[in-house]
Amino acid sequence: MYQEIKTEVVVIGSGPAGYSAAFRCSDLGLDTTLVEFHENLGGVCLNVGCIPSKSLLHIAKVIKEAEELSKLGVFFKSPTLDLEKIQNWKKNIINQFSNSLLKMAKHRKINTIFGKACFSSTNSLLVEHNKNSYVISFKNAIIATGSHPIEIPSLPNKDDRIWNSTDALSFKKVPNQLLIVGGGIIGLEMATIYSALKSKVDIVDRFNTFLPVLDEDISAIYLKSINDRFNVFLNTHVKSIQPEEKGLFVTLGKEDNEEKDLYYDNVLVAIGRKPNIEYLNLNDIGIKLNEFGFIEVNTQLKTNISHIYAVGDVTGFPMLAHKAIHEAHIAAEVICGKNHYFEPKVIPSIAYTDPEISWVGLSEKEAKNQNIDYEIAKFPWNASGRAHASNSMSGITKLIFNKENNQIIGGSIVGTNASELISEIGLAIEMGCDAEDIALTIHPHPTLSESISLCAEVFQGTVTDVLNLKKHNS
């Protein structure tokens with residue numbers, strides 16, 4: 001027996017995209033129903049992604065900083081790990097936020113239903129959960145079901161020593177030898193965590209270059225900084241994994257047919273993610289997918305069925321929570337009748353590694369491909385007083401300017417708190433700032449943020465904190 005529910009808007013999925021869409025719809029006065037497959041609100045980001053990974057990254061950062069301080073004359077005892085206590089701390093963070101989301105949903109009078117949803121028509125949804133079943137009739141729907149890790153079919157299945165990112169974040173053990181397959185952001189963050197906890201970590205990646213989206217000067221600084229912590233093997237793939245009692249016997253191969261055999265306690269597969277859409281019956285109702293298997297939407301987040309919207313990871317790259325939240329707001333506002341569009345100039349990207357890497361706007365490679373007459377400016381952190389005082393001199397701030405109008409079009413940062421610093425560059429690009437706007441904005445000293453204004457001064461030829469290579473022309 002199905003319980004019948006009628007609603008103006010049904011949102012499927014409660015991650016950052018889903019709860020943001022539902023909350024915004026409710027705030028705009030729309031009768032809203034939120035459907036979640038799992039037992040907790042918050043989706044992958046809160047439960048098995050962004051938040052738990054940042055918790056463990058914080059622990060890794062403190063351990064690494066304590067080790068570095070010993071070189072400066074401050075000594076701590078070697079850390080010992082209570083994995084159960086750390087796991088409980090992480091779970092408490094997740095539960096606190098998940099419960100907060102549920103309370104906010106109730107306060108907004110959102111009807112929250114737990115269960116697996118699929119479309120039965122273009123205006124109705126079936127939801128199954130244990131003994132409770134529902135038919136939800138809706139005027140508008142927002143698909144926000146997120147994504148899950150891509151698996152490698154050729155690897156042994158049912159071996160709990162082969163992990164995905166969720167397994168790695170469960171934090172049940174610290175392996176002596178860990179292989180990470182995939183040198184993207186997830187793989188690098190997991191390498192940061194486990195290497196700090198004294199695992200010997202190797203990363204293998206099929207690409208010939210490290211994080212191809214980055215310019216080589218930025219990636220070179222990062223690779224130099226992690227050289228003594230873990231290994232990155234490019235142009236390398238896993239040919240086979242043979243489970244044995246003493247470990248996983250892994251054969252690595254390269255394009256030149258060179259092979260290497262190694263033992264690992266665990267293998268983490270982090271080669272990307274794909275959308276959670278298999279169970280939604282999208283084909284039956286005629287929702288179009290793009291060539292990469294993601295839901296196709298326009299700038300108002302509408303699918304080809306105009307009253308069904310999609311936001312977040314299901315719409316494709318970049319698969320980022322902050323992008324998803326903004327998409328969710330636009331979809332809710334369009335449903336409410338506002339003439340709004342998702343048209344950001346730029347979306348920042350961050351690797352929460354140690355050191356952090358952040359970038360926004362155009363890279364040098366992209367500027368070249370677009371035939372833009374550009375110029376770069378760099379400010380090395382070894383010229384920053386704050387960087388020296390906080391033992392983070394290996395960082396760098398890099399800006400890219402359009403030489404025709406001196407407007408900023410891109411930027412990258414490697415170093416401590418790069419994730420917090422990148423927003424200023426993003427705002428400058430969105431506002432159409434030129435180098436003078438940034439250089440004449442007085443930044444506090446000594447800070448890492450002043451590296452951005454000093455970088456603009458390098459471009460202008462007015463800098464005094466490093467050698468001024470343009471002094472005769474300025």
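This is a predicted model: local features need pLDDT of at least 70, side-chain atom pairs count only at pLDDT 80 or more; totals for chains, interfaces and linings use all residues.
Helix 14 itself spans residues 450-460 and is mostly covered. Of its 11 residues, 9 are buried. These are E450, S451, I452, S453, L454, C455, A456, E457 and F459.

The largest nonpolar core holds 32 residues. I180, Y194, V201, Y222, F230 and I357 touch the most other members. Two or more residues each come from helix 3 (50-70), helix 5 (165-170), helix 6 (185-196) and helix 7 (216-225), and also from strand 9 (177-181), strand 10 (200-204) and strand 19 (356-361). Helix 6 gives the most, with 5 residues. Y222 touches L188, T192, F210, F230, T353, D354, P355, I357 and V414, leaving aside residues up to four places away in sequence.

Helix 3 and helix 6 also pack against each other. Their axes lie 9 Å apart, at an angle of about 45°. Helix 3 is therefore oblique to helix 6. The crossing of helix 3 past helix 6 is left-handed. Helix 3 makes the contact through S53, K54, L56, L57, A60 and I63. Helix 6 contributes E189, M190, T192, I193 and A196. By class, this contact has 7 nonpolar, 2 polar and 2 charged residues. T192 of helix 6 takes part in this contact and is also touched by Y222.

Notes: Residues are numbered from 1 along each chain as its sequence is written. Side-chain values use heavy atoms; hydrogens and water are left out. A nonpolar core is a set of buried Ala, Val, Leu, Ile, Met, Phe, Trp, Tyr and Cys residues joined through side-chain atoms within 4.5 Å. Buried means under 20% relative accessible area, exposed over 50%, partly exposed in between (1.4 Å probe, protein chains only). Helices (H or I, at least four residues) and strands (E, at least two) are DSSP runs, numbered from the N terminus. Contact means heavy atoms within 4.5 Å. Axes are lines fitted to C-alpha atoms, for helices over the stretch in contact, and angles run from 0 to 180 degrees between N-to-C directions. Angles under 35 degrees count as roughly parallel, over 145 as roughly antiparallel, 65 to 115 as roughly perpendicular and the rest as oblique. A crossing is left-handed if the near helix is turned anticlockwise from the far one by less than a right angle, and right-handed if clockwise. Ala, Val, Leu, Ile, Met, Phe, Trp, Tyr, Cys and Pro count as nonpolar, Asp, Glu, Lys and Arg as charged, and the others, Gly among them, as polar.
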